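The structure comes first, and my notes follow.

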Amino acid sequence: MKNSSADYVIRVHTEPGELPLEAWNALLAQQASPSPFMRLEYLQALHESGSATAETGWQPQFLSLSRGDELVAACPAYLKSHSYGEYVFDWAWADAYRRHGLAYYPKLLVAVPFTPVPGSRLLAQDAHSRELLLRGLQALAEQQGLSSAHLLFGDAADLAAANSQRWLQRSGVQFHWQNRSPLPFASFDEFLAAMQRDKRKKIQQEQRRVREAGIVFEVREGPQITEADWDFFYHCYQLTYRAHHSTPYLSHEFFGQMAQRMAPHWLLFIAKRGEQRVAASLIAVDPQRRQAYGRYWGCTEPVSCLHFDACYYQPLAWCIDKGYERFEGGAQGEHKMARGLLPVSTSSSHWLAHPDFSQAVADFLAQEGQAMRGYVNELESHLPFKATEQSSA
């Protein structure tokens with residue numbers, strides 16, 4: 001017999017640390033698309049390190065759904081006072097609200113801060129509890145008089161729940177590498193051999209420039225990454241933001257907590273010239289699901305093509321060597337296609353309280369969605385692999 005809504009208790013948590021870590025992670029493991037970024041240790045570290053807090057515009061409003069003492073659904077949610085660090089851009093919506101004398105912020109956001117990695121967001125035992133959790137999010141937004149609620153980079157189950165509640169859907173595109181199936185690549189050279197000649201030669205030329213600059217790479221896996229390695233990486237990470245006249249989203253303490261609490265989920269590439277370290281590229285990994293995620297990089301001096309080698313070629317070679325199935329290159333970047341990362345559609349879901357604005361956004365998203373489908377079709381007509389490899393790469 002199906003449980004009624006009265007059997008459940010929904011709670012709002014203003015600190016991630018209030019939630020049961022083992023129960024949360026066990027729930028995450030049951031989902032179709034888990035990732036290391038949805039582990040509670042990761043979300044707690046964002047908060048405890050001062051990276052995602054009310055002071056930085058991310059006020060936690062995590063939701064949990066319980067039946068008795070059992071956690072049956074949960075999700076990370078935040079009151080947002082801006083739209084930075086989201087990678088699904090709604091600045092135009094906020095501006096439209098402002099021009100009509102309405103407040104767009106704060107809004108309610110279900111997302112992993114600063115992390116545009118698609119995957120499960122509404123952690124739930126089944127479709128019913130997932131739907132109840134989503135209803136709870138909408139009720140929270142209504143009770144607090146918020147303009148809107150948003151669920152970013154969710155998976156198919158999240159999308160289905162949002163569709164059932166008539167949330168608006170928005171599509172995007174990222175670029176991911178997928179290992180060949182059913183016969184995985186045996187080496188990076190074999191991967192290059194599967195590419196069109198001009199793409200292969202360009203990659204080889206870029207790697208040759210890095211070698212001619214005297215650069216070699218060292219790889220640190222998980223616990224092999226020392227405190228000095230983390231410090232050097234963070235120095236490079238800061239320099240990347242400084243070059244763009246900005247400041248890092250993530251604090252040094254956050255990465256310190258990652259070293260302590262989630263070491264097996266990190267991979268570091270260090271570029272050296274002789275004994276001098278000149279760059280670092282940090283990759284997140286899921287050893288169990290054999291997936292990797294390009295995250296952060298930085299360099300102490302400009303070296304031609306070093307970014308491509310450190311952030312794409314070295315990680316791809318490592319993934320192939322370790323038998324990994326997937327490497328995600330992060331948000332945006334058509335240039336990734338020429339390096340073997342192919343277009344993948346992403347989705348987000350949106351609820352707007354104001355009926356007129358909701359309709360206006362729905363009309364906009366219908367037009368944007370049509371344009372996005374055309375864009376993806378155009379991208380797929382320019383895949384970088386040989387015709388014989390297109391169906392398996």
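How much space lies in the second largest cavity? I read about 30 Å³ for the second largest cavity, where a cavity is a set of points on a 1 Å grid over the protein atoms alone at which a 1.4 Å probe fits but cannot get out, and where a volume is the space filled by probe spheres set on the points, joined across faces, edges and corners.

Before going on, I noted that this is a predicted model, in which local features need pLDDT of at least 70 and side-chain atom pairs count only at pLDDT 80 or more, while totals for chains, interfaces and linings use all residues. Residues are numbered from 1 along each chain as its sequence is written, and side-chain values use heavy atoms, with hydrogens and water left out.

**Cavities.** I listed the lining of the second largest cavity, counting residues with an atom within 4 Å of a point, and found E86, V88, D90, K107, L109, H150, L152 and H350. Strands β6 (107-110) and β8 each supply at least two residues of this lining; strands here are DSSP runs of E with at least two residues, helices are runs of H or I with at least four, and both are numbered from the N terminus. The largest cavity holds about 40 Å³, and its lining is W58, G85, E86, A111, V112, T115, R121, L152 and F153.

**Sheet.** I then traced an open sheet of eleven strands with mixed pairing, in the order β2-β5-β6-β8-β15-β9-β14-β13-β12-β11-β10, two strands being paired if DSSP finds at least two bridges between them. The edge strands, each pairing on one side only, are β2 (58-60) and β10 (215-221). I followed β8 (residues 148-152) to β15 (residues 342-352), which run antiparallel and are joined by five bridges, and I saw that S148 stands opposite L352 in β15.

**Backbone.** Most residues other than glycine have a negative phi, and most peptide bonds are trans, so I looked for departures. The peptide bond from Y105 to P106 is cis, with omega near 0 degrees, and P106 is found in the loop between α3 (91-99) and β6. A cis peptide bond also joins S181 and P182, with omega about 5 degrees.

H245 has a positive phi near 55 degrees and counts as exposed at 78% relative accessibility, exposed being over 50%, buried under 20% and partly exposed in between (1.4 Å probe, protein chains only). R290 also has a positive phi, about 55 degrees, but R290 is partly exposed at 30%.

Methods
On a 1 Å grid over the protein atoms alone, a cavity is a set of points where a 1.4 Å probe fits but cannot get out, and a pocket is an open set with protein on both sides within 12 Å along at least five of seven lines; lining residues have an atom within 4 Å of a point.
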